[in-house]
Amino acid sequence: MQVERNLKKAYRSIFDNDFEGAIHWFEQALADGPDNADIHYRLSITCARSDRLEKAIHHARLAATLEPAHLEYRSHYDRLQSKELTVMAKKQLEQSDARHRGLIKSAVTLLERAVHLDPLSVIAQLWLAIAYGELQQYSLALQAVQEAKQLPQDEAITKQLQRLEQRFKSEIN
């Protein structure tokens, strides 16, 4: 079957670290099996690894829609949406200054939704803490920092969280 051959080529491309090739072969497989949720899911993962977030979300949504009872597909879609919301909020925070409280509040709303969709996203929690801090809501900022500290993180994030925690504690006292 052509779908199986294309999938084998996609997996071979992944094995060879050729993610663009893998995307091509997954798309070829979908041309012959457009309602195959698993192929949409695997294409979504490959797109996400290739920093093609919009395309990854599209295929994750299709996988979750085609098989709504499949929790892994739904969870993957939620994580990607969280990532997208975090990126959007980060852009808003970087554009804002003290005169643009509306942008900061909008960023908080996006980040709260991002954290809801992916409670394990330390990046969403970190940016939520920063956004609360910008609004001078230091207790909420500190709470977000403390929740982020409970999550797996790298050394750079750990240091950033420590700096934020010190800053917010000093603002509260």
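The mean positions of the 23 positive and 24 negative charges of the protein lie 2 Å apart. For this value Lys and Arg count as positive and Asp and Glu as negative, with His and the chain ends not counted; each charge is placed at NZ of Lys, CZ of Arg, CG of Asp or CD of Glu. The structure is a predicted model, in which local features need pLDDT of at least 70 and side-chain atom pairs count only at pLDDT 80 or more, while totals for chains, interfaces and linings use all residues. Residues are numbered from 1 along each chain as its sequence is written, and side-chain values use heavy atoms, with hydrogens and water left out.

The protein contains nine helices and zero strands, where helices (H or I, at least four residues) and strands (E, at least two) are DSSP runs numbered from the N terminus. From the N terminus on, the order of elements is α-α-α-α-α-α-α-α-α. The radius of gyration of the protein is 19 Å, well over the 16 Å that the globule rule gives for 173 residues, so the protein is more spread out than a compact globule. The radius is taken over C-alpha atoms, and the globule rule is 2.2 Å times the number of residues to the power 0.38. Along the principal axes, the C-alpha atoms fill a box of roughly 70 × 30 × 30 Å.

Of the 173 residues, 44% count as buried; buried means under 20% relative accessible area, exposed over 50%, and partly exposed in between (1.4 Å probe, protein chains only). Among the contacts with a separation of 6 or more, 50% are accounted for by residues 24 or more positions apart, a contact being heavy atoms within 4.5 Å.

A search of the whole structure finds three aromatic pairs. Rings of Phe, Tyr and Trp (its six-membered ring) pair if their centres lie within 6.5 Å, and planes under 30 degrees apart count as stacked, over 60 as edge-to-face and the rest as tilted. One of the pairs is formed by Y11 and F26, whose ring centres are 5.7 Å apart and whose planes stand at 80°, so this pair is edge-to-face. Y11 belongs to helix α1 (residues 2-15) and F26 to helix α2 (residues 19-32), and the pair links distant parts of the chain, 15 residues apart. Y11 is partly exposed, with a relative accessible area of 36%, whereas F26 is buried at 1%.

Another aromatic pair, Y41 with Y73, is tilted, with 4.8 Å from centre to centre and 40° between the planes. This pair also links distant parts of the chain, with Y41 in helix α3 and Y73 in helix α5 (residues 71-95), 32 residues apart. Y73 counts as buried at 4% relative accessibility, and Y41 counts as buried at 7%. Helix α3, which holds Y41, spans residues 37-49. With neighbours within four places in sequence left aside, Y41 is in contact with H59, A63, E72, Y73 and H76. Y41 and P68 are separated by 27 residues in sequence and by 12 Å in space, C-alpha to C-alpha.

Q125 lies in helix α7 (residues 122-134) and is buried, with a relative accessible area of 3%. Its contacts, leaving aside neighbours within four places in sequence, are with V115, A144, E147, A148 and L151.

A69 is found in the loop between α4 (53-66) and α5, where A69 counts as exposed at 72% relative accessibility. A69 and E20 are 49 residues apart in sequence and 30 Å apart in space, C-alpha to C-alpha. D51, in the loop between α3 and α4, has a positive phi of about 55° although it is not a glycine. D51 is exposed, with a relative accessible area of 68%. Q136 has a positive phi of about 60° and is likewise not a glycine. Q136 is found in the loop between α7 and α8 (138-149) and is exposed, with a relative accessible area of 57%.
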